[in-house]
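Subject: A structure for you to explore

Hello! Here is the structure I promised to pass on, with the sequence alongside. Please open it first, and then read my notes below.

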Amino acid sequence: MDLGNAPYAYTPFCDDRPEMDGFRFWKSGYWKSHLGGRKYHISALYVVDLIRFRQLAAGDRLRSQYQGLSQDPNSLANLDQDLPNNMIHQVAIKSLPQEWLWCETWCSNESKTKAKTIDLCNNPLTKEPKLKAAVRIVAEWKDYDDEIRRLQERLLGRNESREEIREEKGNDHRHTDL
């Protein structure tokens, strides 16, 4: 993938769910001014060109900026995405295609059909727990969850059987604190 001169690429936040307009902090105040018409990118999915990243000493630049900003407890509330977005003038961000990452909070229902990945991001309106949202948003989630639960039960059953055998033989070699 050609990232141009950027060392990394992120997916920008969607803008097509109007009921969330009041929560788009990047559309006003500091972020609007700082981004200067650029998009604010979400950190849930990214691509890194390690050669370009090293050439630009991007890691050192990010570390230096973090050191300065971390002195203020109100800065970098979402470090993983605020820091790269804050550094957009020094370390460019290439925007990945919007369909690479879909999030129900910010993206329209219609755009979900084109999504390559789904982010179960927090919704400040509903505050719905992520696992509950997963069952509702991802059709196959319940099947996967049930399969994992069966596997856990099977493995736990095997471990309990082994413990019973050890106890019967008197070979209980479990570690205990002194």
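**Salt bridges**

Asp15, Asp21, Arg24 and Lys27 are joined in a network of salt bridges; a salt bridge here is a side-chain nitrogen of Lys or Arg within 4 Å of a carboxyl oxygen of Asp or Glu. By this rule, the count comes to 10 salt bridges.

Before you go further, please note that this is a predicted model, in which local features need pLDDT of at least 70, side-chain atom pairs count only at pLDDT 80 or more, and totals for chains, interfaces and linings use all residues. Residues are numbered from 1 along each chain as its sequence is written, and side-chain values use heavy atoms, with hydrogens and water left out.

In helix 3 (residues 58-69), aspartate 60 and arginine 63 are 3 residues apart, about one turn of the helix. Their closest N and O atoms are 2.5 Å apart. Aspartate 60 is partly exposed, with a relative accessible area of 46%, while arginine 63 is exposed at 52%. For these words, buried means under 20% relative accessible area, exposed means over 50%, and partly exposed is in between (1.4 Å probe, protein chains only).

Helix 6 (residues 141-169) holds lysine 142 and aspartate 146, which are 4 residues apart, again about one turn of the helix. Their side chains meet in a salt bridge of 3.1 Å, N to O. Lysine 142 is partly exposed at 47%, and aspartate 146 is partly exposed at 22%.

**Around arginine 17**

Where does arginine 17 lie? Look in the loop between strand 1 (8-12) and helix 1 (29-35). Arginine 17 is buried, with a relative accessible area of 12%. Glutamate 19, its salt-bridge partner with closest N and O atoms 3.1 Å apart, is partly exposed at 45%.

The side chains of arginine 17 and glutamate 19 are also joined by a polar contact of 3.1 Å. A polar contact is a pair of N or O atoms within 3.5 Å; within protein, one must be able to donate a hydrogen and the other to accept it, and residues adjacent in sequence count only if both atoms are side-chain atoms. A polar atom of the arginine 17 side chain lies 2.9 Å from the backbone oxygen of cysteine 107. Leaving aside neighbours within four places in sequence, arginine 17 is in contact (heavy atoms within 4.5 Å) with residues including Arg24, Glu104, Trp106 and Asn109.

**Helix 4**

How many of the 8 residues of helix 4 (residues 79-86) are buried? The number is 6, and the helix is mostly covered. Gln81, Asp82, Leu83, Pro84, Asn85 and Asn86 are the buried residues. These pack against strand 1, helix 1, strand 2 (41-48), helix 3 and strand 3 (93-95).

Finally, have a look at leucine 50 in helix 2 (residues 50-55). Leucine 50 is partly exposed, at 47% relative accessibility.

Enjoy exploring, and write back with any questions!

How values were computed. Helix = DSSP H or I, 4+ residues; strand = E, 2+ residues; numbered from the N terminus.
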